[in-house]
Amino acid sequence: MKESNQPLTEQNLTNIKQLFYERVAMNEAKMVKPSAVSQDSPIPLTRAKPRRKKIRKAIFIPVTAVLSLCVVTGAAASVGIIDLSSVLHFLGGDRLSILEPVHQVSEDQGIRMEVIGAARDGDTTEIYVALTDLTGHRIDDTLDIYDFRVSGGRANNAQVVHYDESKQTAIVRFLIQGKVSSQRITVRINTMMSGAARNDEYRVHMDWDKLLHEKNNLSYDVLDRETDSISGLGGEAGNELWESGKIPVLHPDVTQIPITGMEWMHISNIGFIDDQLHIQINPDNEIGEYNYGHFYFTNEQGKKLDIPEYSISYGHYMKDGVGYGGDYIEYVYDLSAQSSAGQLDQIKLKGSFTNITEVLKGNWTTTFDLKMDASRKVGATQLTEPDGSQVPISIQLSTIGVTLIGDKLEKVPLDDLRMEIYLKDGSRLTAVSGFISLDQDLIKWISPSTIPVHDVSHLLINGQKVALQDE
């Protein structure tokens with residue numbers, strides 16, 4: 001490294017930064033070729049959670065380190081600058097070209113949050129953030145960003161898109177939908193969860209004979225909606241009961257039936273009340289408040305049965321001197337049809353629950369400026385719901401992807417969406433997966449490559465042609 005005799009000034013640092021950008025741009029121009037979009041070979045979509053890919057750690061020199069050394073030239077003068085192609089190498093070169101490099105770091109609880117790069121098309125902001133565990137093994141590919149906020153949007157989504165096991169680093173993509181009046185963006189994370197996994201095949205072995213024998217002798221409590229600690233009731237089957245104001249529940253903590261693989265809760269009571277099976281669970285007050293799920297029934301062939309059900313959360317517990325509701329959750333199933341037909345021994349009880357092993361709380365906050373790309377085209381069409389009714393939607397296309405907006409859009413299954421974006425030269429981009437529901441009336445598809453907005457002529461969505469115009 002050659003030492004410089006020039007004094008270190010703010011102007012020198014600005015010149016160094018500009019020189020670095022120019023050289024990076026020259027190198028990328030030599031290395032990155034425009035990606036061809038073939039009509040015969042549609043561009044493949046990246047999966048929502050690529051696993052076990054290796055990446056090199058991003059190299060940067062903080063401003064404080066430069067101040068303590070000397071002014072240098074060339075790539076070593078990258079003061080606080082990230083080489084996006086190194087850190088986000090799983091993205092295509094043309095996709096990287098629309099991302100603005102960002103270097104903002106926040107550390108708390110031994111975990112570093114680093115904003116790497118971001119882009120904004122007016123209504124959608126896309127931000128890539130690296131989360132690294134500096135002290136242990138709390139960050140993995142099951143990471144779930146539970147409580148976060150990004151300024152300016154009305155709908156948010158955070159998803160792990162890459163994980164480097166050797167670096168204990170997860171790359172999280174934040175999507176924010178909603179127009180932002182200011183270029184100033186703030187990303188804040190309050191709670192993260194690791195070890196998050198979902199299992200849909202938890203088996204609960206039932207002794208139907210014993211339950212039915214105890215049915216007529218079972219004592220229970222009746223909660224009053226107005227005076228007892230009821231923190232929630234869900235399911236259409238419970239609406240009539242809620243209106244009555246009197247809700248039967250089992251006595252708490254009569255049993256302690258464990259469910260293999262689920263350490264955060266156990267069945268604290270189970271039994272019949274008026275031909276309805278009640279399953280009471282007692283979640284752990286730490287991890288249990290973040291886990292969720294439900295029980296369900298299948299026939300002997302494994303097909304899920306459509307049985308009326310509801311759930312109720314009640315009771316209260318103390319944590320750090322504060323009272324919280326929902327100490328118990330009771331799931332209730334109307335098995336009167338199966339009971340009268342003598343089919344109880346032919347159905348099986350299963351559970352679908354998350355299993356989070358660790359909750360990480362802290363304050364990770366960064367703020368940065370982000371310019372907007374105003375290139376956009378718009379159109380409108382209708383989608384068909386499963387029941388055959390039509391859902392009018394508006395469509396917005398940008399360099400980042402495609403946004404679908406419409407009332408009752410949540411009723412359209414994401415797996416049923418198919419889309420092709422046609423360019424004026426006849427080539428196309430194909431989307432058969434990767435749609436994300438950001439809100440009940442917002443669906444977003446993020447393109448794996450940059451969309452050349454001005455070269456797009458039209459798109460097909462579920463076989464329907466949609467003309468697009470400049471906004």
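Mentor: Buried means under 20% relative accessible area, exposed over 50%, and partly exposed in between, with a 1.4 Å probe and protein chains only. Helices (H or I, at least four residues) and strands (E, at least two) are DSSP runs, numbered from the N terminus. This is a predicted model, in which local features need pLDDT of at least 70 and side-chain atom pairs count only at pLDDT 80 or more, while totals for chains, interfaces and linings use all residues. Residues are numbered from 1 along each chain as its sequence is written, and side-chain values use heavy atoms, with hydrogens and water left out.

Trainee: How many helices and strands does the chain have?

Mentor: The chain has seven helices and 29 strands. Of its 471 residues, 46% count as buried.

Trainee: Where is the confidence lowest, and where is it highest?

Mentor: pLDDT is the predictor's confidence in each residue, from 0 to 100. It is lowest in helix 2 (residues 63-68), with a mean of 30, and highest in strand 23, at 94. Over residues 1-80 the pLDDT is below 50. The average for the chain is 78, and 79% of the residues score at least 70.

Trainee: Let us turn to strand 23. Why is it largely enclosed by the rest of the structure?

Mentor: Strand 23 covers residues 419-423, and five of the five are buried, so the rest of the structure largely encloses it.

Trainee: Which residues lie on each side?

Mentor: Met419, Ile421 and Leu423 are on one side, and Glu420 and Tyr422 are on the other.

Trainee: Which strands does it pair with?

Mentor: Two strands pair if DSSP finds at least two bridges between them. Strand 23 pairs with strand 24 (residues 428-431) in the antiparallel sense over four bridges, and Ala431 of strand 24 is the bridge partner of Met419. These two strands form a hairpin with four residues between them. Gly426, in the turn, has a positive phi of about 95°. Strand 23 also runs antiparallel to strand 27 (residues 456-461), joined by five bridges; there, Glu420 has Leu460 as its bridge partner.

Trainee: What about positive phi in residues other than glycine?

Mentor: Most residues other than glycine have a negative phi. Asp275, however, has a positive phi near 65°. It is in the loop between strand 13 (262-273) and strand 14 (276-283), and it is partly exposed at 25% relative accessibility. Asn462 also has a positive phi, of about 50°. Its place is the loop between strand 27 and strand 28 (464-467), and its relative accessible area of 33% makes it partly exposed.

Trainee: A new topic: is Ile259 buried or exposed?

Mentor: Ile259 is buried, with a relative accessible area of 5%. It belongs to strand 12 (residues 257-259).

Trainee: What does it touch?

Mentor: Leaving out residues up to four places away in sequence, Ile259 touches Tyr202, Val204, Met265, Ile267 and Phe295. Tyr202 is 57 residues from Ile259 in sequence, yet their C-alpha atoms are 7.5 Å apart in space.

Trainee: Finally, in what order do the strands of the open sheet come?

Mentor: Five strands form that sheet in the order 1-2-3-6-5, with antiparallel pairing. Strand 1 (100-108) and strand 5 (155-164) are the edge strands, each pairing on one side only.

Technical notes: Contact = heavy atoms within 4.5 Å.
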